Amino acid sequence: MENGNSSGGDGDVGVTQPRWRFSRPSGGTQLAAAGSLSIRAVLGRLISSVDPSGTRPVVWLAHGDPTATACFQTAPEAEDAVVDGLRSRKHNGYSSTSGEPHARSAIADYLSRDLPYELSPDDIYLTSGCVQAVEILISALAQPGANILLPKPGFPLYEARTTFSHLEDRHFDLVPERGWEVDLESVKALADENTVAIVIINPGNPSGSVYSQDHLAQIAETARELGIMIIADEVYAHLAFGDRPFTPMGVFGKIAPVITLGSISKRWLVPGWRLGWIAMCDPDGILKEAKVDQSIQNYANISTDPATFVQGAVPQMIANTKQEYFNKILGLLRNSADLLFGKIKDIRGITCPHKPEGSMFVMVKLDFTCLDGFSDDVDFCCRLAKEESVLVMPGTALGMKNWGRITFAIDLPSLEDGLERMKSFCDRHAKVEA
Ligand SMILES: *Cc1c(COP(=O)(O)O)cnc(C)c1O
């Protein structure tokens, strides 16, 4: 009665209805909505668009997990390492919070091979895949009033995590005509004294780009000018199959502090094993001084750890996986990218401004001046799923309306089949010239 909230009616005589706090419109529901923007949610929508009475197999060009394809399987050395780790009975207990020392040390050595300075095991925090690395970092950096710079197009996990952590996100452009390089002027225009970091994804998801050393150095100089750290999402590290080799952002850690995020998911093709890392590429100790490592450690203390037998496998897995294995995977990706880039040119209404040179993805532009009757990219992708059983990720899910993202980590015959169906779909929906 005191708060005027008693129900009185409906038979519950005299029972005061509690005022449920969690149902406030500004509460958890809004935060949970961030998850509805995730790739998984959009993928669910595409899958439900597929005609169940269709007789042709579904062609999956929207996923980020190639392991369903027979040719994209992990190295036998990696499997042996996990079996040996499990059988050793040394990895059945709880993990230490930052990860097992041997595994941290192996990752530090592995990353140091490509850096002009040495990382120590203390610079490495093991995480449950790169997803948890993102979660930990965004949570550790969030503070009232702060903002973070994210790429557009990008990887929507970042937007979902910043929303959950009340960290404001601001988007800078990647320029398709310049190989999806960062528009550094837009970065400078966005940043202010409350900006904490800039996120760079290289090799690029969704762009398929691989940045040159020069461009990475320019990014580092810009970060230095702005006084912000760089978060380098290098989950596709070494998956560069074009002319340009992969260079880690950490190479420029003396210009601006870099926190590198990575995992074994993509290079070893084991996204289900859930092993990733945060690496502090900070040779001048700037992040330590600012106690960023302490915030990460604090968050890791209340978070879960990757499975210990996978951690236990890491040193052997890194030591034993042969270069031939990595070369084989790069060859497969190169052939797929070549096929895709060639075939896309023949599809009316779809253009590809930049040939992919890394990761497993490419962005294509939908031109609705030559296609008829589509309201936008989501409509296009849902109808493509319905009519052709081909799944392509709408660009809207990645921050680029009227674009689409195609995964080419799939066997060549399926990719070819998918592209042919896309071609007949676009032919069928082509605008008739007046
Ligand atoms: C796949 C992916 C991740 C997540 O990696 P996991 O190791 O599978 O958790 C993070 N960032 C980008 C850009 C990705 O594509």
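Visitor: Which residues point one way from E13, and which the other way?
Guide: This is a predicted model. In it, Trp403, Arg405 and Thr407 point one way from E13, while Gly404 and Ile406 point the other way. Each of these residues is buried. In a regular strand, side chains alternate between the two faces of the sheet.

Visitor: What makes strand E13 largely enclosed?
Guide: Buried means under 20% relative accessible area. Five of the five residues of strand E13 (residues 403–407) pass that test, so the strand is largely enclosed by the rest of the structure.

Visitor: How do you know that E11 and E13 pair?
Guide: Pairing needs at least two bridges. Strand E11 (residues 361–366) and E13 have five, in the antiparallel sense. Lysine 365 stands opposite tryptophan 403 there.

Visitor: What makes E12 and E13 a pair?
Guide: The cut-off is at least two bridges. Strand E12 (residues 390–394) and E13 have two, so the pairing counts, and its sense is antiparallel. Proline 394 has glycine 404 of E13 as its bridge partner.

Visitor: Why is strand E8 called largely enclosed?
Guide: Six of the six residues of strand E8 (residues 258–263) are buried, so the rest of the structure largely encloses the strand. Both faces are covered. Val258, Thr260 and Gly262 lie on one side, with Ile259, Leu261 and Ser263 on the other.

Visitor: How do you know which strands E8 pairs with?
Guide: Count bridges again, with at least two required. Strand E7 (residues 229–233) is joined to E8 by four bridges, running parallel. Isoleucine 231 has isoleucine 259 of E8 as its bridge partner. E8 and E9 are joined by six bridges and run antiparallel. Serine 263 stands opposite glycine 276 in E9.

Visitor: How many aromatic pairs does the structure hold?
Guide: There are 12. One of them joins tyrosine 110 and tryptophan 277.

Visitor: Why is that pair called edge-to-face?
Guide: Centres must lie within 6.5 Å, and planes over 60 degrees apart count as edge-to-face. Tyrosine 110 and tryptophan 277 give 6.3 Å and 85°, so the label holds. Tyrosine 110 is in helix H4 (residues 101–112) and tryptophan 277 in strand E9 (residues 276–281), so the pair ties together parts 167 residues apart in sequence. Tyrosine 110 and tryptophan 277 are both buried.

Visitor: What makes phenylalanine 380 and phenylalanine 425 edge-to-face?
Guide: Their ring centres are 5.3 Å apart and their planes stand at 85°, so the pair is edge-to-face. Phenylalanine 380 lies in helix H13 (residues 377–388) and phenylalanine 425 in helix H14 (residues 412–428), so parts 45 residues apart in sequence are tied together.

Visitor: How do you know that arginine 267 sits over the ring of phenylalanine 326?
Guide: The distance limit is 6 Å, with a further limit of 35 degrees from the ring normal. The charged end of arginine 267 sits over that ring, 3.7 Å from its centre. Arginine 267 also lies over the face of tryptophan 268, at 5.8 Å from the ring centre.

Technical notes:
Residues are numbered from 1 along each chain as its sequence is written. This is a predicted model: local features need pLDDT of at least 70, side-chain atom pairs count only at pLDDT 80 or more; totals for chains, interfaces and linings use all residues. Side-chain values use heavy atoms; hydrogens and water are left out. Rings of Phe, Tyr and Trp (its six-membered ring) pair if their centres lie within 6.5 Å; planes under 30 degrees apart count as stacked, over 60 as edge-to-face and the rest as tilted. Buried means under 20% relative accessible area, exposed over 50%, partly exposed in between (1.4 Å probe, protein chains only).
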